[in-house]
Amino acid sequence: MPPAPRLPVLRAAAIPAALLIATAAHAQVYKCRIDGQTVFADRPCAADAEPLDIRPAAGPGTPPAPGAPTTLDKINASVDEMVRSRQLRELDHRLRVERADLEQEQDRMTRELAALRNKKDRANNNLAGAMWEQSISEEMNATVARYDLRMRGIRDEIRRLEELRAGLAGK
């Protein structure tokens, strides 16, 4: 058979907790011993009633020194560092993507120019072949110009991202 719950002990522990919550109104609290148990009440409960000085919590005992960082300052600094770290990771990712795009554009241009060179090599040494060779040369120039424009835009973006990253890393 399980032991009987000790209600008087539980009640004795619950009463001080309830009284501490109610002390916000600055009511006087008395501590007494009745039948061998400690009791807390808002009025003297026995001849040996002892008044207790209970005050609501007033916060930290001593204010921080002037100029010393507060907990909020420390939290804000930590959050700022996390934000900066995330921004750096995002910039690093964007730089990797832009550099990969630049490499892909260079590879595409190289493949297109190789295909045009192969066409040019097949041009016959006659008037029709010379005209075709001229046309292929113009197409090669246009291809280089087109890819140069695209790659210049990617390089500009890489430069901009690197500058942003350098400024953010220097903070």
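From the N terminus on, the elements of the protein follow the order α-β-β-β-α-α, giving three helices and three strands; helices (H or I, at least four residues) and strands (E, at least two) are DSSP runs, numbered from the N terminus. The model is predicted, so that local features need pLDDT of at least 70 and side-chain atom pairs count only at pLDDT 80 or more, whereas totals for chains, interfaces and linings use all residues. Residues are numbered from 1 along each chain as its sequence is written, and side-chain values use heavy atoms, with hydrogens and water left out.

Of the 171 residues in the protein, 16% are buried, where buried means under 20% relative accessible area, exposed over 50%, and partly exposed in between (1.4 Å probe, protein chains only). The protein exposes about 13100 Å², of which carbon and sulfur atoms supply 57%; accessible areas come from the Shrake-Rupley method with a 1.4 Å probe, and for residues only the protein chains shown count as cover. Among contacts (heavy atoms within 4.5 Å) between residues at least 6 apart in sequence, 52% join residues at least 24 apart.

Helix H2 has 51 residues and reaches 75 Å from its first C-alpha to its last. This is close to the expected 75 Å at 1.5 Å a residue, the expected span being 1.5 Å times one less than the number of residues in the helix. The buried residues of H2 are Arg84, Leu88, Leu91, Leu95, Glu98, Leu102, Glu105, Met109, Leu113 and Leu116. An α-helix has 3.6 residues a turn, so residues three or four places apart point the same way.

The largest nonpolar core has 15 residues, and those with the most contacts inside it are Leu102, Met109, Met140, Met151 and Ile158. Helix H2 (71–121) and helix H3 (127–169) each supply at least two residues of this core, and the largest share, eight residues, comes from H3. A nonpolar core is here a set of buried Ala, Val, Leu, Ile, Met, Phe, Trp, Tyr and Cys residues joined through side-chain atoms within 4.5 Å. Not counting residues up to four places away in sequence, Ile158 touches Leu95, Glu98, Arg99 and Leu102.

A nonpolar surface patch of about 450 Å² is made by Leu72, Ile75, Val79, Met82 and Val83. Patches are made of residues with over 30% relative accessible area and no salt bridge, like charges being joined within 9 Å and nonpolar side chains (Val, Leu, Ile, Met, Phe, Trp, Tyr) within 5 Å. Val79 is found in helix H2 and is partly exposed, with a relative accessible area of 39%.

The count of salt bridges comes to 12, a salt bridge being a side-chain nitrogen of Lys or Arg within 4 Å of a carboxyl oxygen of Asp or Glu. One of them joins Arg99 and Glu162, with the closest N and O atoms 2.4 Å apart. Arg99 lies in helix H2 and Glu162 in helix H3, so this pair ties together parts that are 63 residues apart in sequence. Both residues are partly exposed, Arg99 at 40% relative accessible area and Glu162 at 35%.

A salt bridge also joins the side chains of Arg146 and Glu112 (2.8 Å, N to O). This pair links distant parts of the chain, with Arg146 in helix H3 and Glu112 in helix H2, 34 residues apart. Arg146 is partly exposed at 35% relative accessibility, as is Glu112 at 29%. Arg160 is placed in helix H3 and is partly exposed, with a relative accessible area of 38%. Between Arg160 and Leu95 the separation is 65 residues in sequence and 9.7 Å in space, C-alpha to C-alpha.

Arg43 forms a salt bridge with Asp42, the closest N and O atoms being 3.5 Å apart. Arg43 is exposed, with a relative accessible area of 59%, whereas Asp42 is partly exposed at 47%. Asp35 is found in the loop between strand E1 (29–34) and strand E2 (37–41). Although not a glycine, Asp35 has a positive phi of about 50°. Asp35 is exposed, with a relative accessible area of 77%.
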